[in-house]
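Open the model in your viewer and keep the selection panel at hand.

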Amino acid sequence: MWTVASYVIRQKLAGRKQYPLVLMLEPLFRCNLACAGCGKIQYPAHILKKDLSPEECFRAVDECGAPMVSIPGGEPLMHPEIDKIVEGLVARRKYIYLCTNALLLKEKINLFKPSKYLTFSVHLDGQREEHDLAVCREGGYDIAVDAVKEALKRGFRVTTNTTLFDGANPKSVRAFFDEMMDLGVEGMMLSPGYSYDKAPDQKHFLGRARTRRMFRAILSNRKKNWQFNLSPLFLEFLMGKRTYPCTPWGMPTYNVFGWQKPCYLLQDGYAESFKELIETTEWQNYGTESGNPACANCMVHSGYEASAVNATFSSLEGFLATVKATLFTKYEDKEALRMLDEPEAPVNPLIQISPGASHDLQETRA
Ligand code: SF4
């Protein structure tokens with residue numbers, strides 16, 4: 001927190017309006033899962049085979065200068081030199097979130113050394129049944145939880161990251177938070193899913209009003225021991241208590257194509273350098289207020305958490321709101337409690353896509 005706070009204050013003092021907070025470094029798109037809501041693994045085979053080299057990763061990290069590096073993908077543990085990439089970033093004192101579905105974590109854990117700079121951010125989309133359904137893999141939850149236990153036993157930092165889609169049961173999500181806290185993870189990250197037009201399952205993406213309602217039910221009347229690895233103002237944004245414009249430059253994306261315009265989710269071209277990305281992207285065309293239909297329903301973490309962090313450091317009101325949200329607010333809300341008892345929406349089928357053959361679709365659950 002101190003690293004982020006001092007970094008943001010330095011950017012403010014330097015008068016920088018567009019500064020990166022977290023670099024989203026995608027060293028590959030290959031994955032050993034084929035989740036129904038994913039927009040990353042539908043590339044043709046010759047793209048899925050590509051890897052960023054450690055040197056390309058280091059160049060991007062140095063160019064960008066963000067204090068935190070999130071390594072999503074694809075599945076980063078499938079990268080043949082992921083250990084070298086992590087080692088090089090730790091040497092640069094970057095706070096790394098290695099985002100993994102944890103299927104390979106136990107097998108590869110000896111490649112890494114515990115460090116305050118390295119966190120395994122394990123993808124878990126809810127309790128056992130919900131997670132296995134979301135990732136289209138029976139037994140995925142148990143493998144991931146087993147790997148989390150092993151990583152914690154060995155002294156690694158572990159958080160979870162959870163994407164919630166339409167139909168998520170707030171009661172079950174809250175029970176999932178209890179499970180994760182009992183497991184001993186350091187914090188939990190949350191985001192609504194983004195409606196990738198490439199994702200095979202298009203039925204489960206949330207509109208903004210539904211997103212707010214769902215997060216209000218989940219995050220009101222919070223238990224004291226729940227730890228979130230997110231800005232408290234971003235959580236209030238998800239609950240509908242605050243509005244923010246998108247700040248896509250806050251979490252820029254670098255992958256095998258270069259610097260992706262404008263954000264982690266959209267692909268409106270690529271820049272060869274971070275400077276070019278900042279200077280040539282037409283930022284005014286993005287964010288919900290821009291009227292861009294691709295942004296209309298978006299409330300995702302990679303677009304709006306940097307906005308919330310920026311708000312904390314932009315005014316005394318923002319700073320005091322963050323302190324209040326962190327230390328004092330219980331989010332008591334009787335209507336939200338009532339919402340927890342609403343009947344569950346029927347579960348619609350999710351679509352299974354086989355890795356490397358995205359055209360081959362089949363329903364897995366009725
Ligand atoms: S609103 Fe969402 S899709 Fe649009 S630029 Fe921001 S993060 Fe990207």
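Select Pro262 in the loop between strand 8 and strand 9. The peptide bond from Lys261 to Pro262 is cis, with omega near -10°. Most peptide bonds are trans, and most residues other than glycine have a negative phi.

Before moving on, note that this is a predicted model, in which local features need pLDDT of at least 70 and side-chain atom pairs count only at pLDDT 80 or more, while totals for chains, interfaces and linings use all residues. Residues are numbered from 1 along each chain as its sequence is written, and side-chain values use heavy atoms, with hydrogens and water left out.

**Two positive phi values**

Go to Asn221. Its phi is positive, about 50°, although Asn221 is not a glycine. Look for it in the loop between helix 9 (208-219) and helix 10 (232-238). Is Asn221 buried or exposed? At 18% relative accessibility, Asn221 counts as buried. The cut-offs are under 20% relative accessible area for buried, over 50% for exposed, and partly exposed in between, with a 1.4 Å probe and protein chains only.

Next, select Tyr331. Here phi is near 55°, again positive in a residue other than glycine. Tyr331 belongs to the loop between helix 13 (316-327) and helix 14 (334-339). Tyr331 is buried, with a relative accessible area of 6%.

Nine of them form an open sheet with mixed pairing, in the order 6-5-4-3-2-1-7-8-9. Strand 6 (187-192) and strand 9 (270-271) stand at the edges with a single partner strand each, so one side of each has no neighbour in the sheet. Two strands count as paired if DSSP finds at least two bridges between them.

How many of the residues of strand 6 are buried? Six of its six are. Gly187, Met189 and Ser191 lie on one side, Met188, Leu190 and Pro192 on the other, and both faces are covered. Strand 5 (residues 157-164) runs parallel to strand 6, joined by six bridges.

Move to strand 2 (residues 68-71). Met68 and Ser70 point one way, Val69 and Ile71 the other, and all are buried. In a regular strand the side chains alternate between the two faces of the sheet. Strand 2 pairs in the parallel sense with strand 1 (residues 22-25) over three bridges. Strand 2 also pairs in the parallel sense with strand 3 (residues 95-100), over four bridges. Pick Ser70 to see both pairings: Met24 stands opposite Ser70, and so does Tyr97 in strand 3.

For an antiparallel pair, select strand 7 (residues 253-255) and strand 8 (residues 258-260), joined over three bridges. Tyr254 has Trp259 in strand 8 as its bridge partner.

**The cavities and the ligand**

Rolling a probe the size of a water molecule over the atoms shows where empty space is left. On a 1 Å grid over the protein atoms alone, a cavity is a set of points where a 1.4 Å probe fits but cannot get out, and lining residues have an atom within 4 Å of a point. Grid points are joined across faces, edges and corners, and a volume is the space filled by probe spheres set on the points.

The whole structure holds five cavities of 30 Å³ or more. The largest cavity has about 120 Å³ of space. It is lined by 17 residues, and the closest to its centre are Cys246, Cys263, Leu265, Cys295 and Cys298. Its lining has 13 nonpolar, four polar and no charged residues. Ala, Val, Leu, Ile, Met, Phe, Trp, Tyr, Cys and Pro count as nonpolar, Asp, Glu, Lys and Arg as charged, and the others, Gly among them, as polar.

Where does the ligand sit? In the largest cavity, meaning that more than half of its atoms lie within 2 Å of the grid points. Residues around the ligand include Tyr194, Leu266, Tyr286, Gly287, Gly303 and Tyr304, where near means a heavy atom within 4 Å. The shell divides into nine nonpolar, two polar and no charged residues.

Last stop: the second largest cavity, about 70 Å³ in volume. Select its lining, including Lys17, Tyr19, Trp249 and Asn310. This lining has five nonpolar, four polar and one charged residue.

Methods:
On a 1 Å grid over the protein atoms alone, a cavity is a set of points where a 1.4 Å probe fits but cannot get out, and a pocket is an open set with protein on both sides within 12 Å along at least five of seven lines; lining residues have an atom within 4 Å of a point.
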